[in-house]
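Biologist: Please take a close look at the side-chain contacts of this model, with attention to charges and aromatic rings.

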Amino acid sequence: MRFTRTARATAIAAAAVALVATSALTAAADPTFAPDANDIVLVGSDTSENVLNDLAAVYNGRTPTPSAKLASWDATGTSPIALRSGTPTVTRPNGSSAGIAALCSNANVSAARSSRGPATGDCAGLAFLPFAKDSVRWAAHSGVAAVTSLTDAQLTGIYNCTITNWNQVGGPNQVILPLIPQAGSGTRAFWATQVGINAGSLPSCVKDNVGGSPVQEHSPTLIKANAGAIAPFSIGRYNLLTATEKSGTFRGDVAAADSAAYDRNLYNVVKTVSGSVPAGLADVFGDGSGFSSLGTTPFICEDADTDPATTTAGDVVTANGFLPLGDAANGGTCGVL
């Protein structure tokens, strides 16, 4: 297991995403077994890799053991990888778009983790099945920590190169270095839309590579290494960083009047067959109407509870710092197109 029951129960009982910062989540990378032809293999988004690893551990640990286990490959790590036992190796898909592209082109991929919705260029016949809500905010170098909140207009100015110094937004006399994640990142596409820039043709001040090092989404490395740096960051992912990883950075807010626009759904993307989600995938992620193939609640849409004797998917989503969308039987939108 990747989190203690005490940490999970505390997060759920508190019913507040912010409290997950005190939990002991330690999601491991990659499947701990060699997936076979029957298993459900996921690749893609960095944003949701930890929560899918934890969900896989809970799902695979159920009694009886599922005949098709969940196997979620992280966005980063050694590459190439063999997605299933005995199959040719492939370059590890890093990010939502890379995961979706792999789903479209490689039969060994069952689903793609995505922090963005459908986009031009995606292959036909995809179902984007939401399962959680994420809040994207920003993280910056600790040297500018006097600035605790930015408005949408200020973030737009920073990423359009019209606000170039932190003293223009109440901070120190320090040049701003706007960072954005690597190409193919769902967070990059989402953030670019929010601040009004073209994700494929960045303004001159915006960098996705610093000194030859690509900006990996939700990594604090280049933020803490560069004075004046700022980058989009998932609250859930930031709260799960260790104290050492956070050191030299801080997480800023978006002004309350604007903050809702910086929230988004997280998805698992699957290929449909004749317009329908295959039964085995619907039982885990939903059929597009929020139900399993049998008309029950899909695994990933189970509501959170406060019973320390049970671990639901909703418990896991909450403990990872995201908000469950709720099962359709109770009016939720998990697994609903």
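Modeller: The charged end of Arg-264 lies over the ring of Phe-190, 5.4 Å from the ring centre; a charge sits over a ring if NZ of Lys or CZ of Arg is within 6 Å of the ring centre and within 35 degrees of the ring normal. Lys-69 likewise places its charged end over the ring of Phe-33, at 4.9 Å from the centre.

The model is predicted, so local features need pLDDT of at least 70 and side-chain atom pairs count only at pLDDT 80 or more, while totals for chains, interfaces and linings use all residues. Residues are numbered from 1 along each chain as its sequence is written, and side-chain values use heavy atoms, with hydrogens and water left out.

Turning to the aromatic pairs, the whole structure contains seven. Rings of Phe, Tyr and Trp (its six-membered ring) pair if their centres lie within 6.5 Å; planes under 30 degrees apart count as stacked, over 60 as edge-to-face and the rest as tilted. Tyr-59 and Phe-299 form a tilted pair, with ring centres 4.8 Å apart and planes at 55°. Because Tyr-59 belongs to helix H2 and Phe-299 to the loop between helix H10 (279-285) and helix H11 (313-319), this pair ties together parts 240 residues apart in sequence. Helices (H or I, at least four residues) and strands (E, at least two) are DSSP runs, numbered from the N terminus. Tyr-59 is buried at 15% relative accessibility, and Phe-299 is buried at 4%; buried means under 20% relative accessible area, exposed over 50%, and partly exposed in between (1.4 Å probe, protein chains only).

Trp-138 and Trp-166 are also tilted, at 6.2 Å centre to centre and 35° between the planes. Trp-138 is in strand E4 (residues 126-141) and Trp-166 in the loop between helix H4 (152-159) and strand E6 (177-178), so the pair joins parts 28 residues apart in sequence. Trp-138 is buried at 0% relative accessibility, and Trp-166 is buried with a relative accessible area of 0%. Together with Phe-250, Trp-138 and Trp-166 make up one aromatic cluster.

There are nine salt bridges in the structure, each a side-chain nitrogen of Lys or Arg within 4 Å of a carboxyl oxygen of Asp or Glu. One of them joins Arg-237 and Asp-46 at 2.4 Å, N to O. This pair links distant parts of the chain, 191 residues apart: Arg-237 is in helix H7 (residues 235-239), Asp-46 in the loop between strand E1 (40-44) and helix H2 (49-60). Both Arg-237 and Asp-46 are buried. Arg-137, Asp-253 and Asp-263 are linked in a salt-bridge network.
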